[in-house]
Each structure stands twice: as C-alpha cells, then as structure tokens.
Amino acid sequence: MTGVDDKTPTMVGKSLIEKIGVKKVTAPWWQSFILGILAGVYIAFGAELATIVTCDMAKYTGVGFAKFMAGSVFSVGLMLVVIAGAELFTGNNLLTVCALGRKISLKGMLKSWGWIYLANFVGSILLVWIMYGSGLWKVGNLAVGAKALNIANAKVNLSWTEAFCRGIGCNWLVCLAVWMALGSRNIIGKIFAIYFPIMAFVASGFEHSIANMYFIPLGIYLKGHSAVVSAANLTGKLNNLTWSGFWIHNEIPVTLGNIVGGAFFVGLLYWLVYCRRSKK
C-alpha cells in the first residue's frame with residue numbers, strides 16, 4: 001500500500017514526468033540549449049537576489065533568520081524554471097523515472113544531462129557578467145560584494161565529503177519540489193510546492209551545482225578588487241578561489257551529490273514504489 005491513487009498529485013506528477021521526459025530527450029538540440037541557458041539565468045537570479053537581500057542581515061536578525069530569508073527569495077529561481085519553462089540539470093535528474101520505465105534510453109538521458117548542464121553553465125556565467133558589469137556588488141559600501149566573496153570562498157573550502165553530502169541534501173529537496181509542482185493543478189499550488197523545499201535546502205546550507213555556477217565565478221571576478229577583499233576580511237585567505245578550485249573543490253562533488261539526491265532518492269525510489277504498485 002502506498003496511500004495514494006492515480007489521481008493524487010504524486011501520481012499526476014509521475015505521469016507528467018514520463019511524458020515530459022520523452023519530449024526532453026527528443027527535442028531539437030538548439031531548443032534544449034536555449035532553455036538550458038534560461039534555466040541557468042533563472043537560478044542565478046535567485047542566487048543574486050539571496051546575496052543582495054541578506055548581505056548585512058545576519059548582524060541584525062541573526063544567522064538563522066538570514067538563512068531563512070535567503071532561501072525564501074532564492075526560491076524565485078526554480079519558480080521561474082518550472083512555471084515559465086526552462087531546462088535545469090538538477091530537475092532533469094528525475095529523468096531516471098523515464099529511463100527505468102524504458103520510456104527513454106539511458107544513453108539519451110545521459111546525453112540530455114550533459115547538454116543541459118553545459119547550457120546551464122553558459123546561462124549562469126551570462127548573469128555573472130551582467131551582475132559584475134552592473135556594479136551592484138558595490139551596494140551598501142561594498143557589502144554585497146563582500147557577501148558574494150564570502151559565499152564563494154566558503155564553498156571552495158568545503159571538504160570533498162562535505163560538498164558531496166550537501167549536494168545530496170540539496171537535490172533531494174529540489175527534485176521533490178519539481179515532483180510536487182508537476183502534480184499541482186494551478187500556479188498558486190506550484191508556487192507553494194516549490195517554495196518550501198527550496199527554502200529548506202538553502203536555509204539548511206545544502207549545495208546546488210547550478211547555483212554555484214553563479215556564486216563561485218562571481219567571487220572569482222570580485223577577488224581581483226582589493227577593496228572588496230578587505231571588506232570581506234579575506235586578505236590572504238582566497239587560495240582555493242580559482243577556476244580549478246571551483247571545479248575540484250566544489251562543482252564536481254556537488255554535481256555528483258545532486259545526482260544521487262535527485263536521481264536515486266527521488267527518481268529511483270519513487271519509481272520502485274509506484275512501478276511495483278502498478279504491477280500489482
């Protein structure tokens with residue numbers, strides 16, 4: 001017994017994932033790439049908003065509430081992806097449902113993951129350039145830039161195990177948000193389905209590979225400004241904040257953790273439960 005029937009949001013979400021998954025894998029490459037770029041930008045919008053909103057909040061409200069607010073505003077990113085329409089690597093980890101159900105091939109799923117991952121990176125870097133060029137990191141007497149630099153530096157100084165485990169927790173919640181949003185029948189329902197899991201993952205301090213494609217590169221750009229480095233109290237502490245450090249110390253373990261969290265703990269386990277149920 002699973003406690004649900006074929007008309008519940010959970011089963012509606014499963015059905016939609018199977019239908020959407022086939023379309024994702026068979027779509028023209030240029031459509032997927034454009035939508036992937038948009039998803040990278042949308043998640044980066046959430047990341048930059050979280051940075052600006054909480055740049056000096058902790059000293060007034062405490063760390064916990066600042067993290068809660070960061071998660072609250074960051075959720076805008078996934079809302080834009082799901083409701084406006086875009087292709088996000090972490091959400092697409094749910095394609096395991098389609099692959100296990102033989103709706104798509106394993107090769108097709110992996111090819112889609114790789115293509116969208118690259119497109120998400122392009123979109124994230126696009127917003128990094130825009131935000132860097134906008135000068136908004138100077139707001140609050142460099143408080144925004146200092147916050148962005150501290151975020152980036154903290155991420156590249158995680159141990160491999162820490163980054164991997166935080167990646168698992170993140171995409172477990174992200175894919176649950178997507179799963180529930182697909183089962184929601186109206187925009188308000190989708191917003192609430194997305195908000196709570198995304199707020200939870202950001203407030204908890206978990207790691208999202210696509211968001212980090214914005215957070216860390218922006219920090220790499222900003223570390224060239226001595227005034228920002230001084231404002232962040234990070235003079236002489238930025239050894240790992242490099243492009244190689246970005247990939248080795250954060251992006252690779254976080255990406256692998258995201259795959260485990262989304263593809264295994266959501267995609268595979270729900271497929272096992274509902275496939276077994278349907279066979280019975």
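Is N233 buried or exposed? At a relative accessibility of 59%, N233 counts as exposed, where exposed means over 50% relative accessible area, buried under 20% and partly exposed in between, computed with a 1.4 Å probe on protein chains only.

This is a predicted model, in which local features need a pLDDT of at least 70 and side-chain atom pairs count only at pLDDT 80 or more, whereas totals for chains, interfaces and linings use all residues. Residues are numbered from 1 along each chain as its sequence is written, and side-chain values use heavy atoms, with hydrogens and water left out.

The protein chain has an average pLDDT (the predictor's confidence in each residue, from 0 to 100) of 93, and 92% of the residues score at least 70. Over residues 1-5 the pLDDT is below 50, and this stretch has eight contacts in the model beyond near neighbours in sequence, a contact being heavy atoms within 4.5 Å.

Most residues other than glycine have a negative phi.

The helices named here are DSSP runs (H or I, at least four residues), numbered from the N terminus.

**A buried loop residue**

T90 is found in the loop between α4 (63-85) and α5, and T90 is buried, with a relative accessible area of 0%. Leaving aside residues up to four places away in sequence, T90 touches N171, V174, C175, H208, S209, I210 and N258.

**Helices α6 and α10**

Two packed helices are described by the angle between their axes and the distance between the axes. For α6 (residues 106-134) and α10 (residues 209-222), the axes come within 9 Å and cross at roughly 40°, which makes α6 oblique to α10. Angles under 35 degrees count as roughly parallel, over 145 as roughly antiparallel, 65 to 115 as roughly perpendicular and the rest as oblique. The axes are lines fitted to C-alpha atoms over the stretch in contact, with angles running from 0 to 180 degrees between N-to-C directions.

On the α6 side, the residues that meet α10 include Y117, F121, W129 and Y132, and their partners in α10 include S209, I210, M213 and Y221. By class, this contact of α6 with α10 has 15 nonpolar, three polar and no charged residues, with Ala, Val, Leu, Ile, Met, Phe, Trp, Tyr, Cys and Pro counted as nonpolar, Asp, Glu, Lys and Arg as charged, and the others, Gly among them, as polar. S209 and I210, listed among the α10 residues in this contact, are also among the residues that T90 touches.

Key:
Helix = DSSP H or I, 4+ residues; strand = E, 2+ residues; numbered from the N terminus.
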